[in-house]
Amino acid sequence: MEKIIEVEGLKKSYGAVEAVRGVDFYVDAGTLFAYLGPNGAGKSTSIDIICTLLKPDAGKVLVDSHLLGREDDKIRSVIGVVFQDSVLDGLLSVRENLMMRGSLYGLSGEKLKRAVEAAAKAAETEDFLERPYGKLSGGQRRRADIARALVNTPKILFLDEPTTGLDPQTRQSVWETVRRLQKESGMTVFLTTHYMEEAAGADYVAVIDDGLIAAKGTPAQLREQYSSDHLRLVPRDAEALAQALNKEGYTYETEGGVFSLTVKRTLDALPVLKRCEELISGFEVLSGSMEDAFIGITGKEMRN
Ligand code: ADP
């Protein structure tokens with residue numbers, strides 16, 4: 001597959017704060033890439049550098065084969081960026097905002113009109129296209145922001161925490177729009193997020209923690225490598241089950257009468273089940289989640 005973004009040895013400090021400390025990764029063209037990390041990990045700093053908004057201290061970045069620092073105009077012409085804070089004019093309608101954006105890219109007449117309409121449709125903003133941006137709901141604003149970033153039909157769409165601050169339902173629907181857009185257009189999407197559900201739906205995930213890449217892989221690979229499964233046992237006789245588990249040296253927790261054991265892989269549940277078959281009335285094995293994987297990788301809960 002073609003690598004559309006390549007980052008090598010990227011570093012950036014703000015005075016004494018080493019925000020990004022030597023980051024390497026690449027993004028395959030046409031995929032949805034999630035750059036996942038807790039607050040302060042260095043996500044925005046990285047994305048700002050790749051989008052030509054901030055100068056790195058060290059490292060090499062190629063975007064669509066254009067070298068950052070030497071061909072920044074070319075990079076800008078192939079990307080669309082949705083920032084955390086909106087840059088649209090609250091007094092103008094969504095359509096007017098999009099028209100203005102398109103003219104900045106040198107579009108005019110029919111071409112401009114068509115570009116605006118395509119972007120508005122892709123981001124599902126058609127229902128409120130004539131309304132002032134300042135009067136829109138949070139979710140509608142996000143969609144308008146995304147439409148703005150699409151006016152120049154970019155090859156890569158960058159989204160810095162696109163759903164932060166939205167209620168769960170709106171977050172879900174904006175996320176679905178991004179996913180659909182990416183699938184239908186084959187565009188590359190580079191997304192930073194601290195929401196595990198979003199990272200779980202990406203094609204590939206890089207986890208950044210404290211300015212360094214802590215893990216990379218598909219969501220399935222990260223779950224497999226960094227999370228554990230949970231075996232839950234419903235006892236027939238709780239005391240006897242506790243005794244049997246203690247005797248075998250298994251550690252467990254109990255909650256609401258259910259015994260819960262951590263097993264590295266699903267198959268590791270089998271010997272435990274064989275040992276206590278007579279003592280249980282039921283069981284289930286729960287696979288590890290991205291949340292578990294994240295804790296396994298960083299040793300932290302994401303939201304802290
Ligand atoms: P994230 O996007 O993952 O939350 P950032 O890239 O915004 O992380 O920040 C990484 C680190 O750099 C944090 O410690 C943050 O406080 C610091 N930082 C970010 N921007 C600046 C800045 N303009 N000046 C000083 N420190 C900054």
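These legends describe close-up views of a predicted model.

**View 1. Residues around the ligand.** The shell around the ligand is made up of Tyr-14, Val-17, Ala-19, Pro-38, Asn-39, Gly-40, Ala-41, Gly-42, Lys-43, Ser-44 and Thr-45. By residue class, the shell holds five nonpolar residues, five polar residues and one charged residue.

View 2. In Lys-43, a backbone N or O atom is 2.8 Å from an oxygen atom of the ligand. For Gly-42, a polar backbone atom lies 3.0 Å from an oxygen atom of the ligand. For Ala-41, the distance from a backbone N or O atom to an oxygen atom of the ligand is 3.1 Å. The ligand taken alone exposes 560 Å², and the protein buries 58% of that area. Two elements, β2 (17-28) and α1 (43-50), each give two or more residues to the shell around the ligand. The largest contribution is from α1, with three residues.

**View 3. Thr-45 in helix α1.** Thr-45 is part of the shell around the ligand and lies in helix α1. Its relative accessible area is 8%, so Thr-45 counts as buried, the cut-off being under 20%. Leaving aside residues up to four places away in sequence, Thr-45 touches Lys-12, Tyr-14, Ala-19, Val-20 and Leu-54. Among these contacts of Thr-45, Tyr-14 and Ala-19 also belong to the shell around the ligand.

**View 4. Ile-208 in strand β9.** Strand β9 covers residues 204-209 and contains Ile-208. Ile-208 is buried, because its relative accessible area is 0%. Not counting residues up to four places away in sequence, Ile-208 is in contact with Val-23, Tyr-35, Leu-36, Gly-37, Pro-38, Ala-41, Gly-42, Lys-43, Ser-46 and Ile-213. Several of the residues that Ile-208 touches, including Pro-38, Ala-41, Gly-42 and Lys-43, are also found around the ligand. Ile-208 and Thr-298 are 90 residues apart along the chain, and their C-alpha atoms are separated by 8.9 Å.

**View 5. Glu-126 in a loop.** Glu-126 sits in the loop between α4 (109-122) and α5 (138-150). Glu-126 counts as partly exposed because its relative accessibility is 44%, which falls between the limits of 20% and 50%. With residues up to four places away in sequence left out, Glu-126 touches Ala-120 and Lys-121. From Glu-126 to Arg-143, 17 residues apart in sequence, the C-alpha to C-alpha distance is 10.0 Å.

Technical notes:
Residues are numbered from 1 along each chain as its sequence is written. This is a predicted model: local features need pLDDT of at least 70, side-chain atom pairs count only at pLDDT 80 or more; totals for chains, interfaces and linings use all residues. Side-chain values use heavy atoms; hydrogens and water are left out. A residue is near a molecule or strand if one of its heavy atoms lies within 4 Å of it. A polar contact is a pair of N or O atoms within 3.5 Å; within protein, one must be able to donate a hydrogen and the other to accept it, and residues adjacent in sequence count only if both atoms are side-chain atoms. Accessible areas come from the Shrake-Rupley method with a 1.4 Å probe; for residues, only the protein chains shown count as cover. Helices (H or I, at least four residues) and strands (E, at least two) are DSSP runs, numbered from the N terminus. Ala, Val, Leu, Ile, Met, Phe, Trp, Tyr, Cys and Pro count as nonpolar, Asp, Glu, Lys and Arg as charged, and the others, Gly among them, as polar. Buried means under 20% relative accessible area, exposed over 50%, partly exposed in between (1.4 Å probe, protein chains only). Contact means heavy atoms within 4.5 Å.
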